[in-house]
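Here are some notes for a first look at this protein chain. Please keep the structure open while reading.

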Amino acid sequence: MRWSVEKIGRSWVLRHAVTKTTRGRFKTRELAEIAAKERNDCLADGVMVKEFEVAPMVMSPKDALPIFEDMFDGFDREAMVVLSLASSGQAIALDTVHVGGVNACMAEPHTIFRTALLRNAASIILAHNHPSGHPIPSKEDILVTKRLMKAAKLLDLPLHAHYVWTPGRLEAC
């Protein structure tokens with residue numbers, strides 16, 4: 001992959017030449033250039049965001065799988081992402097809302113929904129990865145999903161699904 005370093009506002013970010021994926025927010029150009037050399041370093045100091053030039057339609061988990069694969073590929077820690085959708089089902093953006101440890105990710109509901117509301121999303125799909133490769137949702141995953149469904153209902157922001165991603169597979173929570 002080829003990463004370039006660009007200045008956005010006061011921060012430096014990495015932008016992928018093909019997918020236009022933005023990774024990391026760095027205080028100096030030098031830090032961004034170091035991160036560009038090793039992909040996983042991009043997560044250490046920043047967040048990952050993918051804004052779509054040509055917005056894919058997401059009508060099923062099968063449509064979402066390649067989007068999540070591009071984002072989670074190479075993650076060595078659990079991370080939670082929000083896929084914001086327009087009312088037509090087109091993807092608006094994919095935002096990382098939390099990066100956790102090797103076996104847990106404690107994303108807070110207000111962070112998840114703030115991201116979607118700021119994107120003017122009509123609905124959302126959540127996903128997090130299991131670096132262990134074990135695709136079955138944990139009890140905690142299921143409890144968090146129920147809690148988030150209630151919050152989504154209060155906000156009138158449909159949460160279509162919450163998935164656990166492992167390479168090549170999405171499993172609903």
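1. Two residues are in contact when heavy atoms of theirs lie within 4.5 Å. In the protein chain, take the contacts with a separation of 6 or more: 58% of them are between residues 24 or more positions apart. Bear in mind that this is a predicted model.

2. The overall make-up comes next. The protein chain has five helices and nine strands. Starting at the N terminus, their order is β-β-β-α-α-β-α-β-β-α-β-α-β-β.

3. Now burial and surface. Of the 173 residues in the protein chain, 44% are buried. The accessible surface is about 9,500 Å². Carbon and sulfur atoms hold 54% of that surface.

4. Look at strand E7, which spans residues 123-129 and includes His 128. Is His 128 buried or exposed? His 128 is buried, because its relative accessibility is 3% and the cut-off for buried is under 20%.

5. Which side chain makes a polar contact with that of His 128? The partner is His 162, at 2.9 Å.

6. One pair deserves a check on screen. Ala 127 and Val 164 are 37 residues apart along the chain, yet 5.7 Å separates their C-alpha atoms.

Notes:
Residues are numbered from 1 along each chain as its sequence is written. This is a predicted model: local features need pLDDT of at least 70, side-chain atom pairs count only at pLDDT 80 or more; totals for chains, interfaces and linings use all residues. Side-chain values use heavy atoms; hydrogens and water are left out. Helices (H or I, at least four residues) and strands (E, at least two) are DSSP runs, numbered from the N terminus. Buried means under 20% relative accessible area, exposed over 50%, partly exposed in between (1.4 Å probe, protein chains only). Accessible areas come from the Shrake-Rupley method with a 1.4 Å probe; for residues, only the protein chains shown count as cover. A polar contact is a pair of N or O atoms within 3.5 Å; within protein, one must be able to donate a hydrogen and the other to accept it, and residues adjacent in sequence count only if both atoms are side-chain atoms.
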